[in-house]
Structures are given as C-alpha cells and as structure tokens.
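Subject: The structure for you to look at

Hello,

Here is the structure I promised to pass on. Please open it next to this message, and then read on for what turned up.

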Amino acid sequence: MSGYRALSLRTRQVLGRIWLLDVAACGYTIAWPLLHGHLLSLSLATLVLIAFTTVADLFPVTFDPGYEITVSNVFLIAAIVIYRKDPGTATLIALVSTLAWQLISRRPWYKVLTNVALPTTAVVAGSIVLTVAGSQDILHVVISTALMLVVYFIADTVPLTLLLASLDGRPFRVAYVSNYAGIVVELVGIEFFGLIFFLVWDKSPWLSLLFVVPTVILRQAYFQVERLRNDSVRALAAISDVIENRDELTHHHTQSVSSYARRVAERLRLSPDEIWQVTVAGQLHDLGKIAVRDDILFKPAGLSEEEMAIMRKHCGVGFDILRQFSNLEPVARLVRAHHERYDGAGYPDGLAGAQLPIGAAIVAVADAFDAMRSDRPYRKAMPIERALEVLKQGLGTQWHPVVGATFIQLLLEDAAAHRQNEGTIVDFPNVAA
C-alpha cells in the first residue's frame, strides 16, 4: 500500500491542520478585497511575479538529508511588500505559482495540497504582520519589515518540520534543528534578497527584469556550495557500496549504520555539524576495507591473529583516504576511531573514556548492533533480544555508557512503535520547503 492511505494517523492529522490553514489563507485572499470594495485582478505585473516564482520553484536546491530550498521566496517576500496595501494579491501569487509548478511536476494530490498550503500560509502570515504593524514612519517601516521577515521564516519552516517530524518519528526540536540549522544563513539571505528585489521593483517593475540574472546566480551559488559539500561524500559512498555489495550478507549495512548513528546523534542533541559528521561516518566507516583481501573479508570462519591484524588496518586506511578531503577531516577521525572501546581495549589507538570522540562511540555501537543482527559467513544473525543483552552487558566497557543506553532506548521505542503501528508504511518523500 502506498500514497495517502499508507501515511500514519499522526501524519494525516498534521496534513489536515496544514490544509485547514490553507483554507483560512484562501478565505483571507477572497475576503480582503471584498471588505475593501474591490475584486482581485491579475495585472501584468502580477503575472510577471507569478512567472518568476513558478520558474524559481521548478529549480530547487536539495540539501542533505533530503530537504529542498528554492529562490522563489525572493519573489514571495517581494510580493508581500509590493502588495502591502492589497495582501490578497500577494497570497494569490503564492497560490497560483505553487499550484502551477506542482501540476507541472505531476505530484500526487495530497502533496499538491500540502506544497500549495505551505507558501500560501507563510505569505498570509507575513502580509498580516506587515498590515497590522503599519508604515506611518520610517521606524514603523523598519520594525514591521523585520517582524514580517521573522514571522514569514517561522510560518515557512514550522509546519513543514511538524510534517517531517511526524513522518520520521522524530521530536519536533530535533527535526527543526537538523533540517534548518545548516541552511539558516541561506534562508535569511533569500529573504533579504527579496527586499532588494522590492526596492528595484519600486523604482521600475520593468527594471526588475534585470534582477533575474542575480537571482539565478544566487541559486547557482547555493547549488555549487551544496554540491562541493556532498559530491566527495557521494563518490566515496559509491565506493563503499561497491565494497559492501560484494557480499549479499552485508548489503545495506552502511545505510543502516548511518541511519542509526544519525538518530542517536540527534537524540544526544549534538550540533548540526556533528550530526552530519556522524551520519557520513556511519556511511563511510568501512571504506578502508577496500584494502582487505576477499579471502579475509569473506572467510566463512573466525580470523587468525595474522588475518585479524590485516582486517584491523581498515580503520587507518579509511582515515588516510578521507583526510585527503578538507571537508571530511572530522569524519576521517571518527572513521579511524570507530573500533575503539570505552575501556581502552579497542584499536587502532587504544583510546579510552573522554579520549574517545562521541561521534566514533555512536558509530561503534550502531555498527556492532547491525553486525549482530546480520548473517555472517561464520554465524547466523542474533535475535534482537540477544543483541540488546550484549549491548547492555558492554555498557561502560566496550561501549560508551550514555551512547549505548541512548541507542538501546531508541531500539525499545522502535519496537513499541512497531507493535502499535504494525503494517503502517510511510511514503511521503521529497516535500519541498
């Protein structure tokens, strides 16, 4: 089962609230001009703004872990200020432009409703603030504009985060920080670019056509920054996948470790950069196995001391590969230390206690659990109860006690949620911000 019916009850409830807000926003769009004695009309200037916004929406920049931003907010912010005395028109621009690109992209109906609702309600919220705050003098203009930008940012990000949190089963705060802390500068920059667009438009709407060029440059700048950040990771992950895919028994191991590691890092409230580093380290932790011979890597029995010494070199090999990339140096350190133990009996450096990076401790416990739960040439996968018992017994010795306890708690919560929602499948990917 897929589509809307496959969504959890919590997600449907969040969607329902988002849609109700959109109905209220559309009502506002209709009521405002009627209350002020005129009807909405589509002028050439309005059509130009709709065209700009639609085209901008069609070329989003995707940021890991899967959220998108577009420069369409440049034109929506500008529309709020341009039509501050006729906010219904600004709302209409958001509604029509978003609906247009959703239909062009052929999204399912519930995604269309949601992706139309999000920018529409944000524009309405910003318009209301600008109208209420007023513009009697320069001080009111500055204050009302600043408040509008803050409210727009909140209305643009909070509902989407509530939706994503319901899909991922993550706490709202964790999802919000994880999704937006890494791109807050970009989002704020887009809002201020919208104000600059308004100033140009205020002088001459036709002159604003020249603004298309810097807007395209802005979008490309964000795209290039994100590509530089992630291209090396994707290339190395592809190599890691090749290594993993040589053995059907360990297929998807790195993705599982990466997912577990990210969730533990979020639960421990690490910084966004640390969460990214832990997530990538989980994905690339076995990269160094490229230097391990197949007869050792896939040996259907326990390894000899000599073979184990060769196997242990993969931590250092992975470190040596990753540290060649300046943006992956912190990840390299985590990969090198992912077989260290809390009691100092691990390898390759015998780190212990506070010497052990928290990110490496996270990857270590995630790696160990997924390995225990997977078939190996020399043993069958452990039952989850047995794997949990091994983790509990190793707290404070093999594994960092706080990290290990947090990981166990997540697993228990997953088990409880699975029993409660057995058979529910979540499928709502690629919701655009």
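L164 is a handy place to start, because its relative accessible area of 17% makes it buried (buried is under 20% relative accessible area, exposed over 50% and partly exposed in between, with a 1.4 Å probe and protein chains only). L164 sits in helix α6; helices here are DSSP runs of H or I with at least four residues, strands are runs of E with at least two, and both are numbered from the N terminus. The C-alpha atom of L164 is 7.3 Å from that of A175, a residue eleven places away along the chain.

A word on the ground rules: this is a predicted model, in which local features need pLDDT of at least 70 and side-chain atom pairs count only at pLDDT 80 or more, while totals for chains, interfaces and linings use all residues. Residues are numbered from 1 along each chain as its sequence is written, and side-chain values use heavy atoms, with hydrogens and water left out.

Now the chain as a whole. The chain has 433 residues, 48% of them buried, and contains 18 helices and two strands. Its accessible surface is about 20600 Å², with 62% of that belonging to carbon and sulfur atoms (areas come from the Shrake-Rupley method with a 1.4 Å probe; for residues, only the protein chains shown count as cover). Of the contacts with a separation of 6 or more, 67% are between residues 24 or more positions apart, a contact being heavy atoms within 4.5 Å.

Next, the inside. A nonpolar core is a set of buried Ala, Val, Leu, Ile, Met, Phe, Trp, Tyr and Cys residues joined through side-chain atoms within 4.5 Å. The largest one has 52 residues, and L49, V74, M148 and F197 touch the most other members. At least two residues of this core come from each of α1 (9–35), α2 (44–57), α3 (72–82), α4 (87–105), α5 (109–133), α6 (138–168), α7 (172–180) and α8 (184–203). Apart from it there is another core, of 45 residues, including L284, A368, F369 and W399.

What does L49 touch, leaving aside its neighbours within four places in sequence? The list is F75, A79, I82, Y83, I93, F197 and W201. Helix α3 is worth a look too: it is largely enclosed by the rest of the structure, because eleven of its eleven residues are buried. Among them are V74, F75, A79 and I82.

The aromatic rings come next. Ten aromatic pairs were found in the whole structure; rings of Phe, Tyr and Trp (its six-membered ring) pair if their centres lie within 6.5 Å, with planes under 30 degrees apart counted as stacked, over 60 as edge-to-face and the rest as tilted. W109 and Y110 are an edge-to-face pair, 5.8 Å centre to centre with 80° between the planes. W109 is partly exposed at 49% relative accessible area, whereas Y110 is buried at 4%. Y260 and F407 are edge-to-face as well, because their planes stand at 75°, with the centres 5.3 Å apart. That pair links distant parts of the chain, with Y260 in helix α10 (residues 253–267) and F407 in helix α18 (residues 401–420), 147 residues apart. Ring pairs also join F52, F75, F197 and W201 into a cluster.

Last, the charged pairs. The structure holds six salt bridges, each a side-chain nitrogen of Lys or Arg within 4 Å of a carboxyl oxygen of Asp or Glu. One of them joins R267 and E413 (2.8 Å, N to O). R267 is in helix α10 and E413 in helix α18, so this pair ties together parts that are 146 residues apart in sequence. R267 is partly exposed at 32%, and E413 is partly exposed at 31%. Another salt bridge joins E266 and R262 (3.1 Å, N to O); both residues lie in helix α10, four residues apart, about one turn of the helix, and both are buried. D286 and K289 form a further salt bridge, with their closest N and O atoms 3.5 Å apart, and both of these residues are buried.
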